[in-house]
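Subject: Structure handover

Hi,

Here is the structure I promised to pass on. Please open it alongside this note; my findings follow below.

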Amino acid sequence: MKRSTTEKWVTYGLLPALGILGVIGLWALASATVAPNLPSPLKTWETSKPYVLEPFQKRGELDQGILRFTWYSLGRVAKGYVIALLLGTPLGLVLGSSKLFASSFDPIIQILRPVSPLAWLPLGLVLFGKPEPAGTFTIAMCSMWPTVLNTALGVRSIPNDYVNVVKVLQLSKSRALFKVYIPAALPYMFTGFRLSLGIAWLVIVAAEMLTGAPGVGGFLWQEYNALIYEHIILCILTIGIVGYALDRLMMLVERRFKAATA
Amino acid sequence: MSFVELSGVSKSYGSGARGTEVLRDVNLTVERGEFVAVVGFSGAGKTTLLSMIAGLIAPDKGAISVAGKPVTGPGTDRGVVFQNYSLLPWLTARENVALGVGQAFPKATPEERADRVTRYLTLVGLAQAGGKRPSELSGGMRQRVAVARALAMDPEVLLLDEPLGALDALTRASLQNEIARIWQADRKTVLLITNDVEEAILLADRIIPLSHGPAATLGPAFAVDLERPRERRDLSRDPRFKAIRAELVAWLLASGKQRKPVREVVESIPAPRAVEASA
């Protein structure tokens, strides 16, 4: 027992800490030698201090604590993500259950899927006229595809046994959908939801940079223009940590659901 | 007209030179209230036969009717129990049984449906286990739930596709007794598909062997004129039991070889001795 807790501590505590320290060391070395424009770790910390130590402070429209900016960004992501799920899940269900539909729409989905958020945003601006709904549109358009494709895969992977049960019990369409097809496809769907959330969070930065909306991405771009490079690094770290936290959170929810349906 | 009737039914998978004919010219009748068993080798096409009666697959040739109506698809008049249970793992035993009841009795009140579910869970001896999920139940218990699910829909015919094939020998024996008991209480028309000759003799009124595939077909019916309830212990010493078993096994083995006229092959095999050794 004793040995295994030590091992755990080394694997999940000591080694990651060493890795992080190593990267910070390389970063310091690089800023001191080959990349003089790169702020050093120490300087980054000093300049970022007020934003990190008072994370919810609001000093002005474009001068707010980092978690306050994060909160704005998360709000936008939530809107776009919910729309992506509401559109993507039914689309995936139909795509998975109808061969006709799949043949008709699979090519167009494959074409739209790799389009960058930078390309969707101007179209959103044209369509909605205002930056806020254009950003939501962009997030939804970019993040719905993993949900669509994984839901469709989930429906296609439903074991034949369950399909036979639906047939011999003569289940109605809605009963079959909610009692059999969706529960059977749920593990796949959750994988899709998790990947979609990751993309939604990726897209927010681009959307805010282009629209100048207050948020992590907007702050990053503004500080670049203001030549405060330390804050670019602060934003990058924040985006990374929040993205990681979101992914972990979804994994926990996913595991819950899998345990409940298995 | 018989209650269940198959005439000239054939089925192939694939087409042309690469296709295989699974069943050729199958004729079968089951009377109302009768318990009929079809016995055959693994892979002979037993499940195909049952799936066609269930309406899950359509025959290439021939006609199938149940209660005078031609079979065009699945229906609540036929209850099916699959070999691999096919319970939905995210529903409790109770919910699995209720799934079919809700569909088969759309006009019943929720209380009536709940009563029905309870009644059939009790019939299969699982009144206490209704709240458990399939993963918490043993193989034998799962198959009981599947039987309850099929019976609770009050089908005209119960189709059992090797229902005990995945169980260990002891559980299998106890469930055979259980099925015999339920049938005595319920007197449904039953068609049992199995690869176990003794199981068929223990349960059925009439046994029909399915020849070795490809292009399998049904042999002559063997009537089982043993009194019920049949006790496994007494049965193994009963000369009638031994005779039926020997004849059936001989017919099946003969069908596995070239299709010689049956009687000739039966005489050429020292049947009883070989059977005793393998039993």
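This is a predicted model, so confidence comes first. Chain B has a mean pLDDT of 86. Of its residues, 92% reach 70 or more. Where pLDDT is low, the predicted coordinates should not be read in detail. For the model as a whole, ipTM is 0.81 and pTM is 0.77.

Next, the interface. On chain B, 16 residues are in contact with 16 residues of chain A. Helix α2 of chain B, residues 93–104, gives the most to that side, with three residues. By type, the chain B side holds nine nonpolar residues, seven polar and no charged.

Now α2(B) itself. Its length checks out: at 1.5 Å a residue, its twelve residues should span 16 Å, and its end C-alpha atoms are 18 Å apart, which agrees.

Is the helix enclosed or open? Nine of its twelve residues are buried, so α2(B) is largely enclosed by the rest of the structure. The buried ones are B:A93, B:N96, B:V97, B:A98, B:L99, B:G100, B:V101, B:G102 and B:A104.

What do they pack against? Within chain B, the partners are α3 (110–123) and α4 (139–152). From chain A, α8 (173–211) joins them.

Best wishes

How values were computed
Residues numbered from 1 in each chain as written. Chains lettered and ligands numbered in written order. Predicted model: local features only at pLDDT ≥ 70, side-chain atom pairs only at ≥ 80, totals over all residues. Contact = placed C-beta atoms within 7 Å. Helix = DSSP H or I, 4+ residues; strand = E, 2+ residues; numbered from the N terminus. Nonpolar A, V, L, I, M, F, W, Y, C, P; charged D, E, K, R; others polar. pLDDT = per-residue confidence, 0-100. Expected span 1.5 Å × (residues − 1). Buried ≥ 20, exposed ≤ 12 C-beta atoms within 10 Å, placed from the backbone.
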